[in-house]
Amino acid sequence: MPTPHINAPDGAFAPAVLMPGDPRRAERIANFLMPDAEKVSDVRGIGAFTGEYNGKPLSVMASGMGQPSLSIYATELFQFYGVKRIIRVGTCGGMSPKVKLGDVVVGMSAHTDSSLTNIIPGIKYAPTASWNLLAAAVAAAGDDQVVHVGPIVSRDGFYGNDPDGVKKLADHGTLGVEMESAALYTLAAQHGAEALTVLTVSDHLFDASQDMSPEDRESRFEGALKLAVAAAHS
Ligand code: HPA
């Protein structure tokens, strides 16, 4: 049954959904992996696509930017469309000196300044990825890919974050910053589902000298996508 933000019929989604932030990227991913994919929803320009990849059903749907937007789509997919796994594929700002532009970061856990993860009174909930999905993604990495696994941070604001706080997070091993995963991991846990985030480092917070060509960005993104698909179909 259609929901307030998804106008697809029951059964329109595969059990596994790849979820980039950008709706145009969702369409490109769907076309790239599944040329015969069907568009199953398009409310507010957020296209959702379902098809088969390697003989197995797969859906792709964008989250929009930020945890409130992702939470709407992830909740409706888990609760009303029987989705069991959401794998976010996106970009992050590198924070750790170990992380370089174009590297892949797999978010094992996600710190956040969002109140969306305050789900149990008195508890600072620790949003955590699904181990099964994480292990499958890492196992699918090729020898030529640099893949970092560890904590990321999901912030509510893109601009104006306190530089000291960002530095402290980096000093505590945080690999990268993005805006969606802590809410995704929390929602997956609330719905007895699984979630993972696979990110390409698109810029670096402490090293503006690093730069990547558009071609590089696309090919590196395809590398991250390979890990995400492996997790989705594991
Ligand atoms: N914050 C900072 N830099 C980034 C982000 C973010 O959320 N995403 C990609 N680069």
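**Buried positions, core and pocket in a predicted model**

G51 is buried, at a relative accessible area of 14% (buried means under 20%, exposed over 50% and partly exposed in between, with a 1.4 Å probe and protein chains only). The model is a predicted one, in which local features need pLDDT of at least 70 and side-chain atom pairs count only at pLDDT 80 or more, while totals for chains, interfaces and linings use all residues. Residues are numbered from 1 along each chain as its sequence is written, and side-chain values use heavy atoms, with hydrogens and water left out.

G51 lies in strand 3, residues 48–53 (strands are DSSP runs of E with at least two residues, helices runs of H or I with at least four, numbered from the N terminus). Leaving aside residues up to four places away in sequence, G51 touches M34, A37, K56, P57 and L58 (contact means heavy atoms within 4.5 Å). Between G51 and L199 the C-alpha to C-alpha distance is 23 Å, at a sequence separation of 148 residues.

T200 is placed in strand 9 and counts as buried, with 3% relative accessibility. Beyond four places in sequence, the contacts of T200 are G90, T91, C92, G102, D103, R220, F221 and A224.

Helix 6 comprises 19 residues, 214–232, and reaches 26 Å from its first C-alpha to its last, close to the expected 27 Å (1.5 Å times one less than the number of residues). Buried residues of helix 6 include F221, A224, L225 and A228.

The largest nonpolar core has 65 residues, of which F13, L18, M61, L77, I86, I87 and L196 touch the most other members (a nonpolar core is a set of buried Ala, Val, Leu, Ile, Met, Phe, Trp, Tyr and Cys residues joined through side-chain atoms within 4.5 Å). Helix 6 gives the most to this core, with 8 residues. Another core, of 5 residues, lies apart from it, with M95, V153, A170 and V177 among its members.

The largest pocket has a volume of about 630 Å³ (a pocket is an open set of points on a 1 Å grid over the protein atoms alone, where a 1.4 Å probe fits, with protein on both sides within 12 Å along at least five of seven lines; lining residues have an atom within 4 Å of a point). Of its 30 lining residues, R88, T91, F158, E178 and M179 are the closest to the centre. Strand 5 gives the most to this lining, with 6 residues.

Conventions. Points joined across faces, edges and corners; volume = space filled by probe spheres on them.
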